[in-house]
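Me: I'm new to reading protein structures. Could you walk me through this one with some questions and answers?

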Amino acid sequence: MKEILIVGSGFAGMSASLALADSGIKVNLIDSKPSMGGYFPLLDNQFPTNSCGVCFLSPKPPAYCPFIECSGRSNINFIPSSSVVEIDGEQGNFKVKLKIKSNPVDSQLCIDCGKCEEVCPVTVDNEFGEGVEKRKAVYKFYPKAVKKSYFLDTVNCTKCNKCVEICPVNAINLSPNSDKELLLDVSDIIFTPGFEAVKGGIKEEFGFGYNKNVLSSVQYERLISPSGPTSGVPIKLSDSTSPKSVAFLQCVGSRDIRKSGNPYCSSICCMFALKQAIFTKKQLPDCEVVFFYMDIRAFGKGYEEYYNKAKDEYGIKFIRCHLSTLKEHGQDKNIRVTYYKNGELKERDFDIAVLSLGFFQNSETRKLIEISKISTNKYFFAESDEFDPMVTNVKGIYVAGAFTAPKDIPETTTDGLAVAAKVLESNKRVKSDKFTPAVVTPNDYQIPRVGVLICRCGNILDTSLEIDRIFKELKNIKEVEWTGTIDNLCNSSNISQVKKIMGDNALDRVVVAGCSARDMEIYFKSFKDEGYSLLNFEFVNLREQCIFAASLDKKLFSDKSITLLKAAVFKLLKNCSGAEVKNIIKDSALVIGGGAAGLTSALNLANQGFDVSLVEKSEELGGKLLTSHYTLRGADIKSKLQSLITSVKNSSNIKIFTSSEVISSEGSVGNRRSLIKSNDSEFIIEHGITIIATGGKEVKPKSYGYSESDKIITQVELENKISNNDISDIKKVVMIQCVESREVGKREYCSRVCCSHAIKNALKLKDKFKNIDITVLYRDIRSYGFYEDYYREARSKGVIFIPYQPDSKPQVKVSNGKLYINYRDPILNKDIDSTPDMVVLSSGIEPNQNINLSQIFNLPLDKYGFFEESNKKGGNIIFNQKDIFMAGLCHAPKHIDEAVSQGLAAAARGAVFLNQRELVSMEHRSYVISRFCSGCGICVEVCPYSARVIDPTLKIAKVFETVCESCGACVMSCPNGAAQQYGFEKGQVLGMIDYLIS
């Protein structure tokens with residue numbers, strides 16, 4: 001199988017890379033930046049969890065950060081500072097020429113010690129964070145950059161030679177280096193170049209660049225970041241004092257039809273600013289925080305609750321207005337904000353003004369478009385079909401993430417998985433038997449032979465430690481058979497030397513001392529191919545946690561190192577492991593739900609070569625799309641749906657069961673047996689994965705007189721009437737948004753699609769009846785992304801949009817068959833009475849009944865009945881059970897293309913799981929000491945992976961060893977010490993503590 005090229009290493013690129021690599025496909029991941037990650041490294045915390053959580057982005061969570069996972073996969077070849085200059089050929093045989101920018105720092109030699117940065121005399125503004133902090137001429141591209149990532153800025157470098165002289169491994173060469181070219185032979189290409197923030201000075205009237213306390217959202221992100229220059233505490237850049245007031249100004253460079261702006265909505269800016277506002281209040285509770293906005297677009301899952309929390313818990317104030325200017329005012333260099341509200345010009349002063357920047361496609365991405373000849377819209381975002389959103393007009397070139405439209409992290413990571421599913425579909429797997437070598441584990445019944453290996457790390461440890469004295473002390477332990485050093489274990493070629501040392505000296509356990517244990521584990525994963533377990537190794541960080549941690553002399557460093565190494569030897573001597581357990585994964589899938597997401601999942605898996613059983617509760621396939629006719633973008637839903645259904649029905653790998661439902665399921669992860677009831681018969685389906693795509697439905701409202709008149713209808717009912725030509729003699733329509741949605745204590749969430757559906761139907765009515773009077777009463781128009789263009793079109797055609805507040809909702813009455821509506825017009829500042837011919841209610845989406853499936857598969861539901869994901873950022877299609885996935889409206893409200901993307905993403909996750917062929921128990925899994933177990937069941941309750949049960953016969957806890965993810969929750973909760981964990985037994989841990997404190 002040929003390799004794959006992925007251009008762009010942000011969230012989408014990393015998601016796709018991990019899924020493909022874990023499916024056995026070699027990936028070349030390139031980026032124009034010196035390090036991978038895209039915008040992720042800028043974000044220490046993310047909404048709505050106020051934490052990270054993208055570790056769930058990996059197909060095998062729990063995991064490290066995605067760029068750490070990517071750097072540790074042997075199937076992923078990351079090529080930094082590179083760009084595409086030429087693409088020839090066709091799908092299956094693309095020839096891609098790359099240009100790789102030269103770096104005077106040799107990444108193969110660099111050991112990431114940082115000595116060059118310490119001695120560099122040059123200080124310049126750091127591009128990362130737009131200059132709110134400084135960097136040297138030789139520097140790390142960002143603080144969390146993984147592995148050897150020092151980069152030398154040849155423009156600002158003075159060539160003083162200090163970095164060259166101090167480098168312990170001679171990794172720096174200041175002689176002129178020319179850029180290199182590399183030719184790749186790949187079968188498919190994925191474009192995930194992401195986006196770039198517009199420049200803060202895009203609106204000159206805001207004074208960015210010369211008013212010190214006017215900051216861009218990128219700059220302010222660094223100020224609230226724990227890894228930033230102020231450790232997360234915002235300051236005024238003019239005098240470094242704490243601000244008493246901060247203003248957030250929305251839509252800077254977005255929703256702007258001027259030549260310098262972007263007409264579309266950048267989708268994430270409102271939530272990005274809300275997060276920053278909340279973190280400002282967390283750090284400075286007495287600081288006044290004010291939002292200036294046109295519409296708050298909190299349309300993602302959990303985002304409306306986050307918005308309400310900002311208002312209600314943190315006291316953040318919101319002013320809907322049109323901004324005019326920002327000016328520096330007074331000796332304190334405060335910022336005066338001038339704005340229009342309800343026709344009046346107003347002013348307020350703030351210590352800091354933060355510009356919430358929009359996003360666009362830069363010149364580099366536009367060049368990529370030109371080279372590849374893919375189609376884009378007028379804003380240079382990739383153009384694709386709503387029912388096939390990853391595919392471009394060039395066969396074999398796929399797109400994902402913010403390159404297709406401005407979007408947030410959950411949608412971007414979903415896109416990354418979805419595009420991986422398309423590549424897996426075009427590179428059909430070859431079924432074959434999988435061989436797994438026997439695993440050598442520490443054995444209690446033979447005398448251990450321990451080796452202690454210290455990585456010299458470019459002589460850093462040599463010069464800081466008394467190596468000979470350390471080895472002499474360690475050899476006093478009788479089981480230590482060998483001690484020695486090696487240079488630069490982070491160079492993969494040196495790992496083979498370790499294998500040779502172990503073989504020559506018959507070592508079965510090795511203490512490895514050097515840098516981060518996290519990095520060492522990644523390098524030593526290759527030992528599994530030699531039949532070793534990670535339990536054969538103990539990793540000690542003598543660099544960051546010892547030498548770099550404090551200013552100690554050589555003797556004290558060595559004393560501390562001896563203590564740490566002895567504790568590690570003790571732990572290895574006490575290590576034991578149960579035999580490795582394997583379970584075969586059933587090579588088939590069960591997809592529950594026959595809507596857009598379920599059909600897409602089933603067809604993709606079938607096209608990959610898997611057998612799929614598709615179970616649909618109703619009599620026909622199609623789900624919610626059966627009641628839909630057209631999209632705002634113009635797609636003919638009926639024909640698209642029929643084409644999809646036909647493809648599913650024609651697939652020899654898919655068995656379809658309509659009028660059917662799952663009534664029970666048993667078995668273990670990767671090998672389940674589900675009982676299906678179909679009409680009057682019942683039968684068993686065996687399956688390795690389960691994808692739940694049970695869909696959702698339009699809410700039938702109970703307010704605004706919905707049941708009192710046939711002239712009060714929902715948006716779906718209006719769409720049916722328009723499509724069936726069932727409307728005539730209509731002159732005035734009033735649409736009411738957020739009907740029984742976004743209400744605290746009730747249906748608090750935003751249904752995401754209602755605003756665009758109202759715009760869609762309003763435009764259809766305008767096309768049908770040119771002089772029709774349409775008024776839309778709304779709280780916030782959430783026409784995110786390119787839907788903003790249609791919102792603007794509706795206004796240009798005379799559709800009137802009037803905002804209302806939740807405490808003054810419109811009033812609808814029916815009298816003698818006639819409609820009466822009263823609402824407040826904030827511009828006219830008076831109540832309006834109207835007698836429309838029709839009132840249309842945008843009532844939102846709710847899930848179908850999910851409680852039975854939730855109980856059958858032990859899956860969590862949120863308080864509204866949608867399935868609850870493992871993590872709202874990186875894990876929005878997965879559960880803790882690693883063989884069950886979800887997609888579509890059962891997760892949350894979403895548009896068709898988003899449901900299709902989730903369907904593909906679930907198929908990709910499922911394929912990665914099935915392609916393992918077998919489940920293998922983890923080294924550090926938990927086990928039960930039966931004589932200590934009382935059968936209390938606490939460990940069963942706390943296990944997040946359903947890896948424990950109470951044995952019905954023995955009445956004690958039992959572990960499903962291939963399901964256990966080694967989290968240790970059971971060990972911590974067990975009152976009797978019956979729950980233990982290989983590699984972390986209590987005797988080991990307590991013994992190590994004794995060494996450390998003695």
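Predicted model: local features only at pLDDT ≥ 70, side-chain atom pairs only at ≥ 80, totals over all residues.

Me: Let's start inside. How many cavities of 30 Å³ or more does the structure hold, and what volume does the largest one have?
Reply: Counting those of 30 Å³ or more, you get 11 cavities. For the largest cavity, the volume comes out at about 120 Å³.

Me: Which residues are closest to the centre of the largest cavity?
Reply: The lining of the largest cavity is made of 14 residues. Of these, the closest to the centre are Glu-698, Gln-715, Val-716, His-757 and Gly-844.

Me: Which helix gives the largest share of that lining?
Reply: Two helices each supply at least two lining residues: H18, covering 715-723, and H19, covering 754-768. The largest share is 4 residues, and the helix they come from is H19.

Me: What classes of residue make the contact of H16 with H17?
Reply: On the H16 side you'll find Ala-596, Leu-599, Thr-600 and Leu-603, and they meet Leu-641, Leu-644, Ile-645, Ser-647 and Val-648 in H17. Sorted by class, that contact has no charged residues, 2 polar and 7 nonpolar.

Me: Now H1 and H9. Is their crossing left-handed or right-handed?
Reply: H1 (residues 11-21) and H9 (residues 409-426) pack with their axes 7 Å apart, at an angle of about 40°. The two helices are therefore oblique to each other. As for the hand of the crossing, it's right-handed.

Me: How many nonpolar residues are there in the contact of H1 with H9?
Reply: From H1, the contact takes in Phe-11, Ala-12, Ser-15, Ala-16, Ala-19 and Leu-20. Their partners in H9 include Ile-409, Gly-416, Val-419 and Leu-424. No charged residues take part and 4 are polar, while the nonpolar count is 11.

Me: What about H6 and H7: which hand does their crossing have?
Reply: The axes of H6 (residues 269-283) and H7 (residues 303-312) come within 10 Å and cross at roughly 40°. That makes H6 oblique to H7. Their crossing is left-handed.

Me: How many charged residues are in the contact of H6 with H7?
Reply: H6 brings Met-271, Leu-274, Lys-275 and Ile-278, while H7 brings Tyr-303, Tyr-306, Tyr-307 and Ala-310. Lys is one of the types that count as charged. The contact has 7 nonpolar residues and no polar ones, and the charged count is 1.

Me: Where is Pro-48, and what kind of peptide bond joins Phe-47 and Pro-48?
Reply: Pro-48 lies in the loop that runs between strand S2 (27-30) and helix H2 (66-72). With omega at about 0°, the bond joining Phe-47 and Pro-48 is cis.

Me: Last one: what is the phi of Arg-752?
Reply: You'll find Arg-752 in the loop between strand S36 (732-736) and H19. Although Arg-752 is not a glycine, its phi is positive, at about 70°.

Note on methods:
Residues numbered from 1 in each chain as written. Heavy atoms only, no water. 1 Å grid on protein atoms, 1.4 Å probe; cavity = no way out; pocket = protein on both sides within 12 Å on 5 of 7 lines; lining within 4 Å. Points joined across faces, edges and corners; volume = space filled by probe spheres on them. Contact = heavy atoms within 4.5 Å. Axes fitted to C-alpha atoms, helices over the stretch in contact; angles between N-to-C directions. Parallel < 35°, antiparallel > 145°, perpendicular 65-115°, else oblique. Left-handed = near helix turned anticlockwise from the far one by under 90°.
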